[in-house]
Amino acid sequence: MSIVRIIATPLMGALIGYGTNYVAIKMLFRPRTAKYIGKFRIPFTPGIIPSQRGRIASAVGAAVSGSLLSGSDIHSLIMQSPIADILLDGIMDKAEENRDRTVEEIVKSFAEEEKYNDIKSKVHGFVCEKILSGIDRVDLAKLIEEEGVQLIKDKFAGSMIGMFMTDNMIHSVAAPVGDAIKKCVDERGYDIISPIVADEIESLEKMPLHEAMKKLKLNRDSIKKILDGAVKNGGEYVRTVFEKLNIAGTVEQKILEMDIIEIEKLILSVMKRELNAIVNLGALLGFVLGIVMIFIQ
(Lines give C-alpha, C1' and ligand atoms only; values in the text may rest on other atoms or scores of the structure.)
Protein backbone atom coordinates (compact mmCIF):
# COMPACT_ATOMS: atom_id res chain seq x y z
CA MET A 1 0.00 0.00 0.00
CA SER A 2 1.45 3.37 -1.03
CA ILE A 3 2.33 6.10 1.45
CA VAL A 4 -0.12 8.42 -0.29
CA ARG A 5 -2.97 6.00 0.33
CA ILE A 6 -1.95 5.48 3.95
CA ILE A 7 -2.03 9.23 4.52
CA ALA A 8 -5.07 9.93 2.32
CA THR A 9 -7.43 7.31 3.81
CA PRO A 10 -7.55 8.75 7.38
CA LEU A 11 -7.66 12.29 6.01
CA MET A 12 -10.57 11.40 3.73
CA GLY A 13 -12.31 9.72 6.67
CA ALA A 14 -11.80 12.85 8.77
CA LEU A 15 -13.09 15.07 5.96
CA ILE A 16 -16.17 12.89 5.43
CA GLY A 17 -16.92 12.72 9.18
CA TYR A 18 -16.49 16.47 9.53
CA GLY A 19 -18.58 17.20 6.46
CA THR A 20 -21.48 14.88 7.32
CA ASN A 21 -21.79 16.19 10.89
CA TYR A 22 -21.49 19.79 9.69
CA VAL A 23 -24.27 19.26 7.13
CA ALA A 24 -26.42 17.40 9.70
CA ILE A 25 -26.18 20.30 12.16
CA LYS A 26 -26.92 22.85 9.45
CA MET A 27 -29.98 20.78 8.51
CA LEU A 28 -31.33 21.35 12.01
CA PHE A 29 -32.02 24.94 10.96
CA ARG A 30 -31.96 24.93 7.17
CA PRO A 31 -33.63 25.20 4.86
CA ARG A 32 -35.89 27.54 6.76
CA THR A 33 -38.83 26.90 4.44
CA ALA A 34 -40.10 23.89 2.50
CA LYS A 35 -38.54 23.39 -0.92
CA TYR A 36 -40.45 21.93 -3.87
CA ILE A 37 -39.74 20.39 -7.22
CA GLY A 38 -42.99 21.07 -8.97
CA LYS A 39 -45.62 19.87 -6.51
CA PHE A 40 -43.26 17.42 -4.82
CA ARG A 41 -41.82 18.60 -1.50
CA ILE A 42 -38.16 17.76 -1.13
CA PRO A 43 -37.61 15.50 1.91
CA PHE A 44 -36.15 17.07 5.08
CA THR A 45 -37.34 20.53 4.09
CA PRO A 46 -37.75 22.68 6.02
CA GLY A 47 -35.07 21.80 8.61
CA ILE A 48 -35.90 19.89 11.77
CA ILE A 49 -36.26 22.91 14.05
CA PRO A 50 -38.39 25.00 11.63
CA SER A 51 -40.62 22.02 10.87
CA GLN A 52 -41.02 21.06 14.55
CA ARG A 53 -41.31 24.62 15.79
CA GLY A 54 -44.78 24.18 17.28
CA ARG A 55 -43.85 21.03 19.20
CA ILE A 56 -40.64 22.62 20.46
CA ALA A 57 -42.51 25.75 21.59
CA SER A 58 -45.04 23.60 23.46
CA ALA A 59 -42.31 21.54 25.14
CA VAL A 60 -40.33 24.63 26.20
CA GLY A 61 -43.49 26.27 27.57
CA ALA A 62 -44.34 23.16 29.60
CA ALA A 63 -40.75 22.90 30.87
CA VAL A 64 -40.65 26.55 31.96
CA SER A 65 -44.04 26.32 33.67
CA GLY A 66 -43.15 23.03 35.38
CA SER A 67 -39.85 24.35 36.71
CA LEU A 68 -41.32 27.47 38.32
CA LEU A 69 -40.79 27.80 42.04
CA SER A 70 -43.46 26.18 44.20
CA GLY A 71 -44.82 27.80 47.36
CA SER A 72 -42.49 25.68 49.52
CA ASP A 73 -39.55 26.58 47.25
CA ILE A 74 -40.23 30.29 47.71
CA HIS A 75 -40.60 29.78 51.46
CA SER A 76 -37.28 27.90 51.69
CA LEU A 77 -35.54 30.42 49.43
CA ILE A 78 -36.46 33.30 51.73
CA MET A 79 -36.50 31.77 55.20
CA GLN A 80 -33.38 29.60 54.83
CA SER A 81 -31.21 32.34 53.40
CA PRO A 82 -29.82 35.72 54.50
CA ILE A 83 -32.96 37.31 53.02
CA ALA A 84 -34.92 36.41 56.18
CA ASP A 85 -32.38 38.15 58.42
CA ILE A 86 -32.31 41.19 56.13
CA LEU A 87 -36.11 41.43 56.33
CA LEU A 88 -36.08 40.99 60.10
CA ASP A 89 -33.35 43.58 60.52
CA GLY A 90 -35.38 46.01 58.43
CA ILE A 91 -38.54 45.37 60.48
CA MET A 92 -36.73 45.75 63.82
CA ASP A 93 -34.93 48.92 62.65
CA LYS A 94 -38.22 50.48 61.52
CA ALA A 95 -39.84 49.48 64.81
CA GLU A 96 -37.04 51.19 66.72
CA GLU A 97 -37.28 54.33 64.57
CA ASN A 98 -41.02 54.58 65.26
CA ARG A 99 -41.04 53.28 68.83
CA ASP A 100 -42.63 56.46 70.27
CA ARG A 101 -45.28 56.87 67.58
CA THR A 102 -48.69 55.34 68.19
CA VAL A 103 -49.84 52.35 66.17
CA GLU A 104 -52.62 54.49 64.71
CA GLU A 105 -50.16 57.17 63.53
CA ILE A 106 -47.90 54.59 61.89
CA VAL A 107 -50.71 52.85 60.01
CA LYS A 108 -52.28 56.15 58.93
CA SER A 109 -48.92 57.32 57.58
CA PHE A 110 -49.30 54.90 54.66
CA ALA A 111 -53.08 54.36 54.61
CA GLU A 112 -55.89 56.87 54.12
CA GLU A 113 -58.65 57.13 56.70
CA GLU A 114 -61.03 54.89 54.77
CA LYS A 115 -58.33 52.28 54.19
CA TYR A 116 -57.28 52.50 57.83
CA ASN A 117 -60.83 51.83 59.03
CA ASP A 118 -61.06 48.93 56.58
CA ILE A 119 -57.83 47.42 57.97
CA LYS A 120 -59.07 47.94 61.51
CA SER A 121 -62.37 46.25 60.70
CA LYS A 122 -60.61 43.27 59.10
CA VAL A 123 -58.28 42.89 62.09
CA HIS A 124 -61.28 42.99 64.42
CA GLY A 125 -63.13 40.35 62.43
CA PHE A 126 -60.01 38.18 62.09
CA VAL A 127 -59.32 38.21 65.85
CA CYS A 128 -62.95 37.45 66.72
CA GLU A 129 -63.07 34.56 64.28
CA LYS A 130 -59.79 33.16 65.60
CA ILE A 131 -61.06 33.28 69.19
CA LEU A 132 -64.32 31.58 68.29
CA SER A 133 -62.48 29.03 66.16
CA GLY A 134 -60.24 28.19 69.12
CA ILE A 135 -63.23 27.83 71.43
CA ASP A 136 -65.01 25.68 68.87
CA ARG A 137 -62.12 23.22 68.78
CA VAL A 138 -62.60 22.63 72.50
CA ASP A 139 -65.53 20.50 73.69
CA LEU A 140 -66.71 23.36 75.87
CA ALA A 141 -69.77 21.57 77.27
CA LYS A 142 -67.72 18.56 78.37
CA LEU A 143 -64.94 20.75 79.78
CA ILE A 144 -67.39 22.79 81.86
CA GLU A 145 -69.12 19.62 83.03
CA GLU A 146 -65.85 18.00 84.13
CA GLU A 147 -64.56 21.13 85.85
CA GLY A 148 -67.97 21.77 87.42
CA VAL A 149 -68.17 18.24 88.82
CA GLN A 150 -64.69 18.55 90.33
CA LEU A 151 -65.51 21.99 91.76
CA ILE A 152 -68.72 20.73 93.40
CA LYS A 153 -66.92 17.72 94.85
CA ASP A 154 -64.16 19.91 96.27
CA LYS A 155 -66.67 22.43 97.60
CA PHE A 156 -68.76 19.94 99.53
CA ALA A 157 -66.07 17.39 100.39
CA GLY A 158 -66.38 16.22 103.99
CA SER A 159 -69.74 17.94 104.54
CA MET A 160 -73.13 16.41 105.19
CA ILE A 161 -74.34 17.47 101.72
CA GLY A 162 -71.28 15.88 100.11
CA MET A 163 -72.15 12.54 101.69
CA PHE A 164 -75.50 12.47 99.92
CA MET A 165 -74.29 13.77 96.53
CA THR A 166 -73.51 10.93 94.13
CA ASP A 167 -71.52 11.32 90.90
CA ASN A 168 -74.66 10.90 88.83
CA MET A 169 -76.39 13.64 90.80
CA ILE A 170 -73.44 16.02 90.32
CA HIS A 171 -73.24 15.25 86.59
CA SER A 172 -76.97 15.83 86.22
CA VAL A 173 -76.42 19.36 87.55
CA ALA A 174 -73.17 20.19 85.73
CA ALA A 175 -74.05 18.78 82.30
CA PRO A 176 -77.00 21.12 81.58
CA VAL A 177 -74.88 24.09 82.65
CA GLY A 178 -72.16 23.10 80.20
CA ASP A 179 -74.65 22.58 77.39
CA ALA A 180 -76.30 25.93 78.10
CA ILE A 181 -72.98 27.81 78.03
CA LYS A 182 -71.93 26.02 74.82
CA LYS A 183 -75.23 26.99 73.20
CA CYS A 184 -74.80 30.58 74.36
CA VAL A 185 -71.30 30.76 72.87
CA ASP A 186 -72.48 29.25 69.57
CA GLU A 187 -75.41 31.66 69.26
CA ARG A 188 -74.06 34.84 70.83
CA GLY A 189 -70.32 34.30 71.04
CA TYR A 190 -69.41 36.85 68.37
CA ASP A 191 -71.68 39.50 69.93
CA ILE A 192 -70.13 38.85 73.34
CA ILE A 193 -66.47 39.02 72.37
CA SER A 194 -66.80 41.66 69.64
CA PRO A 195 -66.95 44.71 71.96
CA ILE A 196 -64.13 43.28 74.10
CA VAL A 197 -61.90 42.85 71.03
CA ALA A 198 -62.88 46.32 69.79
CA ASP A 199 -61.85 47.86 73.13
CA GLU A 200 -58.51 46.05 73.02
CA ILE A 201 -57.85 47.28 69.47
CA GLU A 202 -58.77 50.83 70.50
CA SER A 203 -56.37 50.56 73.42
CA LEU A 204 -53.55 49.18 71.29
CA GLU A 205 -53.86 51.74 68.52
CA LYS A 206 -53.42 54.60 71.00
CA MET A 207 -50.28 53.07 72.52
CA PRO A 208 -46.74 53.95 71.46
CA LEU A 209 -45.37 51.17 69.26
CA HIS A 210 -42.86 49.91 71.82
CA GLU A 211 -45.61 49.53 74.46
CA ALA A 212 -47.92 47.76 72.00
CA MET A 213 -45.12 45.37 71.03
CA LYS A 214 -44.40 44.66 74.70
CA LYS A 215 -48.07 43.99 75.42
CA LEU A 216 -48.37 41.69 72.42
CA LYS A 217 -45.02 40.05 73.29
CA LEU A 218 -43.61 40.91 69.90
CA ASN A 219 -39.85 40.46 69.66
CA ARG A 220 -37.45 39.29 66.97
CA ASP A 221 -38.29 35.60 67.48
CA SER A 222 -42.05 36.06 67.46
CA ILE A 223 -41.89 38.40 64.45
CA LYS A 224 -39.80 35.77 62.65
CA LYS A 225 -42.57 33.22 63.24
CA ILE A 226 -45.13 35.67 61.86
CA LEU A 227 -42.90 36.35 58.86
CA ASP A 228 -42.48 32.61 58.33
CA GLY A 229 -46.26 32.14 58.17
CA ALA A 230 -46.70 35.17 55.92
CA VAL A 231 -44.04 33.95 53.48
CA LYS A 232 -45.52 30.45 53.47
CA ASN A 233 -48.99 31.77 52.61
CA GLY A 234 -47.54 34.34 50.22
CA GLY A 235 -45.52 31.67 48.42
CA GLU A 236 -48.63 29.61 47.74
CA TYR A 237 -50.39 32.74 46.53
CA VAL A 238 -47.53 33.50 44.11
CA ARG A 239 -47.67 29.92 42.83
CA THR A 240 -51.43 30.27 42.28
CA VAL A 241 -50.85 33.51 40.38
CA PHE A 242 -48.26 31.76 38.17
CA GLU A 243 -50.77 29.03 37.36
CA LYS A 244 -53.49 31.54 36.48
CA LEU A 245 -51.09 33.48 34.26
CA ASN A 246 -50.75 30.43 31.95
CA ILE A 247 -46.97 30.76 31.75
CA ALA A 248 -46.70 27.70 29.48
CA GLY A 249 -49.10 29.17 26.93
CA THR A 250 -47.38 32.57 27.03
CA VAL A 251 -43.91 31.08 26.47
CA GLU A 252 -45.23 28.89 23.65
CA GLN A 253 -46.88 31.86 21.95
CA LYS A 254 -43.71 33.98 22.25
CA ILE A 255 -41.60 31.26 20.63
CA LEU A 256 -44.10 30.84 17.80
CA GLU A 257 -44.00 34.61 17.21
CA MET A 258 -40.19 34.66 16.99
CA ASP A 259 -38.56 34.70 13.57
CA ILE A 260 -36.81 31.40 12.82
CA ILE A 261 -33.52 33.30 12.43
CA GLU A 262 -33.89 34.61 15.99
CA ILE A 263 -34.52 31.08 17.25
CA GLU A 264 -31.41 29.86 15.42
CA LYS A 265 -29.30 32.63 16.97
CA LEU A 266 -30.75 31.87 20.39
CA ILE A 267 -29.94 28.15 20.19
CA LEU A 268 -26.46 28.79 18.78
CA SER A 269 -25.72 31.31 21.52
CA VAL A 270 -26.31 28.55 24.07
CA MET A 271 -25.02 25.47 22.21
CA LYS A 272 -22.47 26.72 19.67
CA ARG A 273 -19.52 25.17 21.52
CA GLU A 274 -21.31 21.80 21.89
CA LEU A 275 -22.37 21.74 18.23
CA ASN A 276 -18.82 22.54 17.11
CA ALA A 277 -17.59 19.73 19.35
CA ILE A 278 -19.96 17.33 17.55
CA VAL A 279 -18.57 18.43 14.15
CA ASN A 280 -14.98 17.98 15.37
CA LEU A 281 -15.87 14.61 16.91
CA GLY A 282 -17.15 13.54 13.48
CA ALA A 283 -13.76 14.41 11.99
CA LEU A 284 -11.97 12.48 14.74
CA LEU A 285 -14.14 9.39 14.30
CA GLY A 286 -13.71 9.56 10.53
CA PHE A 287 -9.93 9.77 10.96
CA VAL A 288 -9.92 6.73 13.31
CA LEU A 289 -12.11 4.75 10.93
CA GLY A 290 -9.73 5.65 8.08
CA ILE A 291 -6.81 4.19 10.04
CA VAL A 292 -8.84 1.05 10.75
CA MET A 293 -9.66 0.74 7.04
CA ILE A 294 -5.91 0.70 6.24
CA PHE A 295 -5.39 -2.38 8.39
CA ILE A 296 -8.55 -4.08 7.09
CA GLN A 297 -7.47 -3.63 3.51
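Here are some friendly notes on the predicted model shown above, point by point.

1. **Ground rules.** This is a predicted model, in which local features need pLDDT of at least 70 and side-chain atom pairs count only at pLDDT 80 or more, while totals for chains, interfaces and linings use all residues. Residues are numbered from 1 along each chain as its sequence is written, and side-chain values use heavy atoms, with hydrogens and water left out.

2. **The overall picture.** The protein has 14 helices and 2 strands; these are DSSP runs numbered from the N terminus, with helices being H or I of at least four residues and strands E of at least two. Of its 297 residues, 24% are buried. Buried here means under 20% relative accessible area, exposed means over 50%, and partly exposed is in between (1.4 Å probe, protein chains only). Among contacts with a separation of 6 or more, 73% link residues 24 or more positions apart, where contact means heavy atoms within 4.5 Å.

3. **The nonpolar cores.** The largest core has 10 residues: Met79, Ala84, Leu88, Ala95, Ile106, Leu209, Met213, Ile223, Leu227 and Val231. Helices α5, α11 and α12 are the elements that give two or more residues to this core. A second, separate core has 8 residues, including Phe29, Ala57, Ile247 and Ile263. The term covers a set of buried Ala, Val, Leu, Ile, Met, Phe, Trp, Tyr and Cys residues joined through side-chain atoms within 4.5 Å. Within the largest core, take a look at Met213: leaving out residues up to four places away in sequence, Met213 touches Ala95, Leu218 and Ile223.

4. **Asn98, a buried polar residue.** Asn98 sits in the loop between α5 (82-97) and α6 (103-108). What is its relative accessible area? The value is 15%, so Asn98 counts as buried. Its side chain makes a polar contact of 3.0 Å with the side chain of Arg101. Such a contact is a pair of N or O atoms within 3.5 Å; within protein, one must be able to donate a hydrogen and the other to accept it, and residues adjacent in sequence count only if both atoms are side-chain atoms. Beyond four places in sequence, Asn98 touches Ile106 and Leu209, both members of the largest core.

5. **Leu204 on α10.** Leu204 belongs to helix α10 (residues 167-205) and is buried at 18% relative accessibility. Setting aside neighbours within four places in sequence, Leu204 contacts Val103, Ala212, Lys215 and Leu216.

6. **Two backbone spots to check by eye.** Most residues other than glycine have a negative phi, and most peptide bonds are trans. Arg30 and Pro31 are joined by a cis peptide bond, with omega about -5 degrees; Pro31 lies in the loop between α1 (3-29) and β1 (36-37). Lys217 is not a glycine, yet has a positive phi of about 55 degrees. Lys217 is in the loop between α11 (209-215) and α12 (220-244) and is exposed, at 67% relative accessible area.

7. Thr45 is in the loop between β2 (40-41) and α2 (48-51) and is buried at 7% relative accessibility. Its side chain reaches the backbone nitrogen of Lys35 at 3.1 Å and the backbone oxygen of Ile42 at 2.5 Å. Residues up to four places away aside, Thr45 touches Pro31, Thr33, Ala34 and Lys35.

8. **One side of α13.** In helix α13 (residues 247-257), the buried residues are Ile247, Val251 and Ile255. They cover an arc of only 65 degrees around the axis, so they lie on the same side of α13; the arc is that of the directions from the helix axis to the C-beta atoms.

9. **A tyrosine pair.** The model has 1 aromatic pair. The ring centres of Tyr18 and Tyr22 are 6.3 Å apart and their planes are at 5 degrees, so the pair is stacked. Rings of Phe, Tyr and Trp (its six-membered ring) pair if their centres lie within 6.5 Å, and planes under 30 degrees apart count as stacked, over 60 as edge-to-face and the rest as tilted. Both tyrosines lie in helix α1, 4 residues apart, about one turn of the helix. Tyr18 is partly exposed at 37% relative accessibility, and Tyr22 is partly exposed at 41%.
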